[in-house]
Amino acid sequence: RRGMIADKDVEAVITILNEVGIALAADEAIGPLLRDTPGFAATTRLSASGATLRLAGKVRPEARPQVEAEVRRRVAAALAANGIQLIRPGAWRSEP
């Protein structure tokens with residue numbers, strides 16, 4: 001399931017995605033599996049309830065499942081560490 005972020009968090013998440021990509025490329029285990037450094041590629045959806053961003057990079061085909069799992073794990077950890085929560089598409093997020 002895809003997650004969205006609140007529109008106020010877009011710039012912060014772009015920075016986080018790029019930082020995660022750089023860290024992956026520098027990682028001794030994951031770096032050699034990459035063909036380029038992953039990073040923010042596009043905002044694929046923008047609405048009143050939030051935004052959906054895409055992280056993209058090239059990877060060796062046989063390593064795709066391993067790299068995708070590690071990317072998801074690191075992005076989730078980085079978002080949590082920065083206090084950014086994903087919201088389900090279509091769900092309204094009330095502001096405190």
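Q: Hi! How much of the protein chain counts as buried?
A: In this predicted model, 36% of the 96 residues in the protein chain count as buried.

Q: And what about the accessible surface, how much of that belongs to carbon and sulfur atoms?
A: The accessible surface comes to about 6,200 Å², and carbon and sulfur atoms account for 51% of it.

Q: Switching to the fold: which pattern does the chain follow along the sequence?
A: Reading along the sequence gives α-β-β-α, from two helices and two strands.

Q: How do strands S1 and S2 run, parallel or antiparallel?
A: They run antiparallel: S1 covers residues 39–47, S2 covers residues 50–56, and seven bridges join them.

Q: How many residues sit between them?
A: Two residues, with S1 and S2 forming a hairpin.

Q: Which residue stands opposite phenylalanine 40?
A: That would be leucine 55, in S2.

Q: OK, new topic, glutamate 70. Where is its place?
A: Glutamate 70 is in helix H2, which spans residues 64–81.

Q: What does its side chain pair up with in a polar contact?
A: The side chain of arginine 74, at 2.6 Å.

Q: And which residues does glutamate 70 contact beyond its neighbours within four places in sequence?
A: Leu24 and Ile30.

Q: Last one: for contacts between residues at least 6 apart in sequence, what share joins residues at least 24 apart?
A: In the protein chain, 60% of those contacts do.

How values were computed: Residues numbered from 1 in each chain as written. Predicted model: local features only at pLDDT ≥ 70, side-chain atom pairs only at ≥ 80, totals over all residues. Heavy atoms only, no water. Helix = DSSP H or I, 4+ residues; strand = E, 2+ residues; numbered from the N terminus. Buried < 20%, exposed > 50% of the residue type's maximum accessible area, 1.4 Å probe, protein only. Contact = heavy atoms within 4.5 Å. Areas by Shrake-Rupley, 256 points an atom, 1.4 Å probe, with all protein chains shown as cover. Pairing = 2+ DSSP bridges. Polar contact = N/O pair within 3.5 Å; in protein donor to acceptor, adjacent residues only side chain to side chain.
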